[in-house]
Amino acid sequence: MLFGKVPLKDFIDKIKSGNCEVCPSIGEDAAIVKTVGKYLVIHSDPITEAGKDAGFLSISVACNDVNMKGVPCKWVLTTILLSKRENLNEILGGINEACQMLNCSVVGGHTEVTKGLQQDIVITTAFSFSDRILRLSDGKVGDYIGFFGYAGLEGTWILSNEYWEELLRRGVSRETIERSRQLKRLIPVQEIAMRIKDYVVAMHDATEGGVYQALLEIAKATGKKVVVEKKPPILNETIEITRVLNLNPYTLISSGAFVVITREPEKIEKLGGAIIGRIVEGESVLEIKGEGVYENDFEEELVKFESSYNGRR
C-alpha cells in the first residue's frame with residue numbers, strides 16, 4: 001500500500017467547490033473568499049469513531065456548530081486521513097452529499113493515506129460570517145430552555161450502522177435497525193436553526209455527552225441553575241436500541257438535536273420546538289425534575305459502549 005498525500009488531480013473534479021474568489025485548484029496554495037459581515041464564525045471537528053459516512057457526518061456536525069451562531073455554513077476545509085486509498089470515493093461522496101444539503105462549498109484541505117490508521121479520520125473546519133453575536137453566557141434568570149430534534153439521534157444512527165450484528169444478537173428487529181440507518185438526514189440542523197435564530201438568545205448543539213451535557217453547559221456558561229421539567233423528545237428506535245445496550249439516551253451523542261435559550265417560548269413552540277425548562281437562581285448545576293441534580297460532566301455513552309465492546313472482542 002502506498003502512503004502519503006493523494007495528488008489533487010486524482011479527485012479535484014469530485015469535490016463540491018465554488019463561492020470563492022480563488023478556489024481549490026492545482027498550484028494554488030490557499031483559497032480566497034469574499035468577506036461579508038462583521039464577524040468570522042469558525043468551528044473545527046474531527047470524526048474518529050464513525051466509519052460509516054464519515055464524510056457526511058464530518059461536514060454536518062462542523063456546520064451544525066456554525067449554525068448555532070445564527071448563520072448558515074458557507075465554506076469548509078476538509079482534512080482526510082485515510083487508512084487505505086480505496087475509501088476516498090465513499091468519503092468524498094458523503095462530503096458532497098452534505099455540502100449539497102447545506103449549500104456550502106469545499107475551499108481547501110488535505111488528503112493522504114496515513115500509515116498505522118485502523119480507520120479513516122475526517123477533520124472539517126467550517127466557517128461563515130455574521131453581523132450578530134449569539135452567546136450562551138447572555139442567558140439570564142427567567143429565560144426559557146427550548147429543544148429541537150431528538151435525544152440520542154446521532155448515536156442511534158452510528159450504532160445501527162456500526163454494530164448492527166450486535167443489535168440483532170440482542171433482539172433488536174431488522175426493521176428498527178433499518179429505520180435507524182435512515183436517520184442521517186436529520187443530523188444537519190441548518191434549516192430549522194435559520195428559522196428560529198431571531199427568537200433565541202443563544203443556541204447550543206447536543207454532541208458528546210448528549211442532551212444532558214448540553215443543558216449542563218448552559219448552566220456553566222450562565223453561572224445559573226438550569227431546571228428541566230419535561231424530558232426532551234426521543235425516537236422509539238433510540239429507546240429500543242439504548243435499552244438493549246443499557247445506555248442512557250440522554251447522554252448519548254446527539255448531533256441533530258440542539259437546545260436554545262429564549263425569551264419567546266410561544267414562538268419556539270410554534271416553530272416545532274419543545275419548551276423543557278428554565279434558567280433560575282442558584283448554583284450552576286442541572287436539575288432534572290424527578291431524577292436528580294448534576295454538576296459534573298457526563299460521560300459519553302457511545303465511548304463507554306465502544307470501549308466495553310472492543311474490550312470483550
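Which residues does Asp 138 touch, not counting residues up to four places away in sequence? That is where the first of these close-ups of a predicted model starts.

**View 1. Asp 138 and what it touches.** Leaving out residues up to four places away in sequence, Asp 138 touches Asp 143, Val 201 and Arg 263. You'll find Asp 138 in the loop between β5 (121-130) and β6 (144-148). Asp 138 has 31% relative accessibility, so it counts as partly exposed. For a sense of scale, pick Glu 237: Asp 138 and Glu 237 are 99 residues apart in sequence, and their C-alpha atoms sit 35 Å apart in space.

**View 2. Helix α5 against helix α8.** Glu 237 turns up again here, as one of the α8 residues in this contact. The two helices, α5 and α8 (residues 236-245), pack at an angle of about 120°, and their axes are 10 Å apart. Angles that are neither roughly parallel, roughly antiparallel nor roughly perpendicular (65 to 115 degrees) count as oblique, and α5 and α8 are therefore oblique to each other. The crossing of α5 past α8 is left-handed. On the α5 side, the contact is made by Thr 176, Arg 179 and Ser 180; α8 brings Glu 237, Glu 240 and Ile 241. Sorted by class, the contact of α5 with α8 has 3 charged, 2 polar and 1 nonpolar residues.

**View 3. Helix α3 against helix α5.** Now look at α5 (residues 174-181) with α3 (residues 153-162): they pack at an angle of about 120°, with axes 8 Å apart. That angle makes α3 oblique to α5. This crossing is left-handed. From α3, Thr 156, Trp 157, Ser 160 and Asn 161 make the contact, meeting Ile 177, Ser 180 and Arg 181 of α5. By class, the contact of α3 with α5 has 4 polar, 2 nonpolar and 1 charged residues. Keep an eye on Ser 180, listed in the contact with α3 and also in the one with α8.

**View 4. The largest nonpolar core, around Cys 63.** This core has 47 residues, and the ones touching the most other members are Ile 59, Cys 63, Val 76, Ile 80, Cys 104, Leu 159 and Leu 245. Helix α1 (residues 54-67) gives the most to it, with 8 residues. Zoom in on Cys 63 and, not counting residues up to four places away in sequence, you'll see it touch Cys 73, Val 76, Leu 102, Cys 104 and Ala 126.

**View 5. Another core, apart from the largest one.** This one has 26 residues, including Val 211, Val 228, Ile 261 and Ala 274.

Note on methods: Residues numbered from 1 in each chain as written. Predicted model: local features only at pLDDT ≥ 70, side-chain atom pairs only at ≥ 80, totals over all residues. Heavy atoms only, no water. Axes fitted to C-alpha atoms, helices over the stretch in contact; angles between N-to-C directions. Helix = DSSP H or I, 4+ residues; strand = E, 2+ residues; numbered from the N terminus. Parallel < 35°, antiparallel > 145°, perpendicular 65-115°, else oblique. Left-handed = near helix turned anticlockwise from the far one by under 90°. Contact = heavy atoms within 4.5 Å. Nonpolar A, V, L, I, M, F, W, Y, C, P; charged D, E, K, R; others polar. Core = buried A, V, L, I, M, F, W, Y, C linked by side-chain atoms within 4.5 Å. Buried < 20%, exposed > 50% of the residue type's maximum accessible area, 1.4 Å probe, protein only.
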